[in-house]
Amino acid sequence: MPLAGSLDIRPLVDGAPEVVLDERELKVDDVDILQVLYEVRVADREALVPPALNPTIPPVISFLVYRAKESAFGPFALAQLRLTARSGVRPRAYLISARCDNPALAEVLAGSWGFRIAPGEISLRRFHDRVDCTVHDPDGRSILQVSLVDPVPVTGHDVQYPPGMHLARVTRDGVLKPRIVQVDSEYVFRRADRGRPELTHFDLEAWGDARLVPDIPVSASFAACDVTIANVRYICNPDIPASEGTEKVSDA
Amino acid sequence: MEFGLFMELSVPRPWTADSERQVYENALEQVRLADELGFDYVWAVEHHFLEEYSHCSGPDIFLSACAAQTSRIRVGHGVIPCVPQYQSPIRVAERAAVLDIISGGRLELGTGRSATWPELSGFGADPDETKKTWDEFVRVIPKMWMQERFSWDGRMFSMPDRAILPKPLQKPHPPMWVAVTSPGTEVDAADRGLGCLGLSPGGFADSEKKVQNYRKRIQVCDPVGAFVNDKVLTVNFLSCNEDGDLGRRNGLKVASMFSYMAAQLLSAKEVLPTHSYPSEGLLPALRRESGSPGDAAKSFKGVTMGTPDDVADAIAAWENVGFDGINFIHQFMEVVPQQYVLDSMRLFAEEVMPRFKTGTAARPVAAGVA
């Protein structure tokens, strides 16, 4: 039978962002995006995602890093740690945690889309033969060093960023309840490269799930895109399968 | 129209010491019945590491058992991954020839290249190379079968002059096919004179365009073998019952489980930016990017489920699209009882098959082979 998530979300709910469902969307042009994927080796795959979701075979983590020179909130960089998952038959990425260097944007990302987000210093540097990303805590401690090596051009069609599934708290029937918020983004590609992934340093504790030990390198891509994060259309009850617990909250 | 059974040999958890044996026994019972009822083909996949989804990693051995327990039905690889990290083309040619001999000349050789990340990475294969290696496999295998001695200095593999033995019973060689899931593979099939083994159900309009394109191109093909296998088969889910609601309900159980289990596997396309895999491979039609996370697998138009009339109507629609036959996924993860599966096959053979059968499958079979 399909593998079903069994993650106990109770310890995570208190720290989950409170999301106000609205029609807000966020459009940012010319965003540099680094995505690096690694298989993780874990005995209990089901325990990585909530019961609403299904783990993939094999489970793969992705480091998804945005850097924008300008936006409605000013320049920013955002680094996410995500885990491949399924919602029914659909490809999704379950957000473990994120770091952002722009406090105003971080507040919006948390409040409208449920990004579990903390401050961080993020550097994304592109060289001729590699792209390097580092993430530091505000106290200067390194928590991630990841790179794409030997880039070669590909088309935007070749690169995939599945919709995010973010554990949040949402008011339903006047009560704040745990819900998974589906974050759909549209990407218009200006260019894309792929290369070899290289993970030099990864502080698992700092990212929120010490079980996600990277094992086999999978791929790395670096793209420039116009990104639109759409308003939230679907939320689901994290405790039951998405096929039963999904609620449409917007037609837009 | 021709009809076949498509065997994934999926084994649901919890696994006991007997789980896999029971699945294989059930499958063999279905094949024996299919042989009696007049089905044309049984196809077996080759998959590795795909827990529950498919435990059919030795399809030639399974097909040998099928051949030994039947007398008429053709036995097909659906399909052999033509990836050198999985197996050498020499071994494919040798083992296929053995199967052709012991089946009395009933082998169909489907070829492909795998589309899932667990399989490709499990064998250390480079997904960028699989289209190229497939191309070389399908060009050398018929030569290995037909030439008394064979040598090759190729891009992907080379070998000195050797006798590759045994030779298949069918002369000049067994029919060859290619699995078609990615857009454009029907063109690859046509250009090489290979049969089109559809593995991904799609819409009528899209399918019609593909079939027409295939028919047009194969007229001017440069066949890799000694003859052109100008046939296009599609795949569907079979559940036939006098009670149409029960037929649809059980059919959708099979289809839903299939799509859920397929969806859980990471496709190469999903995790690796490569133009080598333009589609997701497994049931892309059921895996749209956007939409509700709660959407379960939906049935597509033209599903062969319901009463015999429902099933016949659906088949007629696919026949009008231009397909020469349909291979049925009639069981998956043992979600419907074995007796239901057997009864569905019997009813299909009694009530539906005669409406579409004009003769037995004609094959380029050698002199001396019945």
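## Burial and overall form of chain B

A residue counts as buried if 20 or more other C-beta atoms lie within 10 Å of its own. In this predicted model, buried residues account for 52% of the 370 residues of chain B.

Chain B contains 11 helices and 11 strands. Its radius of gyration is 19 Å, close to the 21 Å given by the globule rule for 370 residues, so chain B is as compact as a globular protein of that length. Along the principal axes, the C-alpha atoms of chain B fill a box of roughly 60 × 50 × 50 Å. Of the contacts in chain B between residues at least 6 apart in sequence, 77% join residues at least 24 apart.

## The contact between the chains

Chain B contributes 28 residues to the contact, and chain A contributes 37 residues. On the side of chain B that touches chain A, the elements giving two or more residues are helix H4 (117-122), helix H8 (244-264) and helix H9 (268-271) of chain B. The largest share, five residues, comes from H8(B). By residue type, this side of chain B divides into 14 nonpolar, nine polar and five charged residues.

## A residue of chain A: Tyr161

A:Tyr161 is located in the loop between strand S10 (142-154) and strand S11 (164-172) of chain A. With 19 other C-beta atoms within 10 Å, A:Tyr161 is partly exposed.

Beyond its neighbours within four places in sequence, A:Tyr161 is in contact with A:Gln35, A:Leu64, A:Ser185 and A:Tyr187. A:Ser250 lies 89 residues from A:Tyr161 in sequence, and the two are 22 Å apart in space, C-alpha to C-alpha.

How values were computed. Residues are numbered from 1 along each chain as its sequence is written. Chains are lettered from A and ligands numbered from 1 in the order in which they are written. This is a predicted model: local features need pLDDT of at least 70, side-chain atom pairs count only at pLDDT 80 or more; totals for chains, interfaces and linings use all residues. Helices (H or I, at least four residues) and strands (E, at least two) are DSSP runs, numbered from the N terminus. The radius of gyration is taken over C-alpha atoms; the globule rule is 2.2 Å times the number of residues to the power 0.38. A residue is buried if 20 or more other C-beta atoms lie within 10 Å of its own, exposed if 12 or fewer, and partly exposed in between; C-beta atoms are placed from the backbone. Two residues are in contact if their C-beta atoms, placed from the backbone, lie within 7 Å. Ala, Val, Leu, Ile, Met, Phe, Trp, Tyr, Cys and Pro count as nonpolar, Asp, Glu, Lys and Arg as charged, and the others, Gly among them, as polar.
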